[in-house]
Amino acid sequence: MRLRLRLEMKRFAAGFMMLLAGCASFDGRGLVPEQSTAQDVAALMGTPADRITVSGGDTIWYYPRAPMGMHTFAVRMSSAGVLRSIDQLLTEQNLRNLVAGVTTGSQVREVLGPPWRTTRTDRMQRDVWEYSMLNSAQWPFYLYVQLSYDGIVREVLLLKDYSKEPGGDGAKP
């Protein structure tokens, strides 16, 4: 009986350590630009949700952590498969790069990463891309990027998520 309990405790501890290791890889901590390889990134962060090739031959791997997480990490890989950088994309600074009437959907995807949810609103003739993010004061917000059917940004809305306020009932303080 004691041996069985000891084995179960070891199995639980091993599972718990794997869980902690998974959390440690959330943002790519431990990877070294210009040294870590594509295999290192995949081993630590997993399979990316999306990949795009950008000018110069680099590839950007996207790791969105929504809906519960409010970050999207972009891992930029050289054409040789070496890590160039890791950046958190859902920032107020990146929102300033979105210009209504000018920015395209592909540019939004490159700047913010893939949305965690998309909705088509036929009446408004728009596709709405939804993200969850924290502002610079670490308050949770919903970000809605509305694109017309021609793929151009028409409106960007940043709305505070009151459901994450103390009390969690969504009521304003």
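In this predicted model, D58 has a relative accessibility of 6%, and because buried means under 20%, D58 counts as buried. The side chain of D58 meets that of R84 in a salt bridge, with 2.8 Å from N to O. This pair links distant parts of the chain, since R84 belongs to strand β4 while D58 sits in the loop between β1 (50-53) and β2 (59-64), 26 residues apart.

Strand β3, residues 72-77, and strand β4, residues 83-88, pair in the antiparallel sense over 5 bridges, and the bridge partner of R76 in β4 is S85. The hairpin of β3 and β4 has 5 residues between the strands, and in this hairpin G81 takes a positive phi near 80 degrees.

Side chains of opposite charge can pair when their charged atoms come close. The structure holds 7 salt bridges, and one of them is formed by the side chains of R117 and E130, at 3.0 Å from N to O. R117 lies in strand β5 (residues 117-121) and E130 in strand β6 (residues 126-134), so this pair ties together parts that are 13 residues apart in sequence. R117 counts as partly exposed at 40% relative accessibility, whereas E130, with a relative accessible area of 6%, is buried. The side chains of R120 and D127 also meet in a salt bridge, at 2.8 Å from N to O.

Notes
Residues numbered from 1 in each chain as written. Predicted model: local features only at pLDDT ≥ 70, side-chain atom pairs only at ≥ 80, totals over all residues. Heavy atoms only, no water. Pairing = 2+ DSSP bridges. Helix = DSSP H or I, 4+ residues; strand = E, 2+ residues; numbered from the N terminus. Salt bridge = Lys/Arg side-chain N within 4 Å of Asp/Glu carboxyl O. Buried < 20%, exposed > 50% of the residue type's maximum accessible area, 1.4 Å probe, protein only.
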